[in-house]
Amino acid sequence: MMTGMRKLFQQREYCDATLVCAEQTFHVHKCVLAAKSEAFHSLFRDTSEVRFQEIANPEAVRWMLDYFYEIAYGPESISADYAPASIAINADVLRLAQKYDLPALRARATMFMTKELTTHN
C-alpha cells in the first residue's frame with residue numbers, strides 16, 4: 001500500500017493538504033501524515049494547510065516527507081541514504097521530528113548529527 005501512496009505523492013495525485021516552507025509548497029495526503037503523527041492527525045482536523053515559519057530550509061520538509069512516504073529507505077531503518085546537504089538542514093529536520101513526534105526521523109537526524117563527531121571536536 002505504501003508503494004501506491006508514494007507513487008501518488010510523487011505524481012501529486014489525490015493530494016488533499018499542503019505544507020508550505022519558505023515559499024515552497026508540498027502537496028501531501030492527510031492520511032499518510034496523520035497515520036504516523038498524532039500532531040498532524042490533530043492539525044488536519046481543522047486545516048488543509050500547514051506553514052512551517054520556524055523552518056528555514058524547504059529541504060528539511062522534503063526529508064520529513066521522504067520519511068512519511070518511505071522514500072529511499074525502509075520504513076524503520078536508519079539508512080545511509082539519509083544525507084541532508086548541511087548541518088542547518090539536519091537541524092531543521094530534527095526540529096520537525098521533535099515538534100511532530102517522529103521518533104524514527106529524530107533518530108536518523110541524531111545519527112547524522114553525530115556522524116562527524118570525534119573526541120577532537
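Predicted model: local features only at pLDDT ≥ 70, side-chain atom pairs only at ≥ 80, totals over all residues.
**Exercise 1. Which elements are included in what covers the buried residues of α6?**

Step 1. Residues are numbered from 1 along each chain as its sequence is written, and side-chain values use heavy atoms, without hydrogens and water. Helices (H or I, at least four residues) and strands (E, at least two) are DSSP runs, numbered from the N terminus.

Step 2. List the buried residues (under 20% relative accessible area; exposed is over 50%, partly exposed in between; 1.4 Å probe, protein chains only). In α6 they are A104, L105, R108, A109 and F112.

Step 3. Look down the axis of α6. The buried residues fall within an arc of 140 degrees, so they line one face of the helix. The arc is taken from the directions from the helix axis to the C-beta atoms. An α-helix has 3.6 residues a turn, so residues three or four places apart point the same way.

Step 4. Find the cover by contact (heavy atoms within 4.5 Å). The cover includes α4 and α5.

**Exercise 2. Classify the ring pairs of F40 with F68 and with Y100.**

Step 1. Set the rule. Rings of Phe, Tyr and Trp (its six-membered ring) pair if their centres lie within 6.5 Å; planes under 30 degrees apart count as stacked, over 60 as edge-to-face and the rest as tilted. The whole structure holds eight aromatic pairs.

Step 2. Take F40 and F68. Their centres are 5.7 Å apart and their planes stand at 80 degrees, so the pair is edge-to-face. F40 lies in helix α3 (residues 38–46) and F68 in helix α4 (residues 58–69), so the pair ties together parts that are 28 residues apart in sequence. F68 is buried, at a relative accessible area of 0%.

Step 3. Take F40 and Y100. Here the centres are 4.3 Å apart and the planes at 15 degrees, so this pair is stacked. Y100 sits in the loop between α5 (87–99) and α6 (103–114) and F40 in α3, so the pair ties together parts that are 60 residues apart in sequence. Both F40 and Y100 are buried.

Step 4. Widen the view. F40, F44, F52, Y67, F68 and Y100 form one aromatic cluster.
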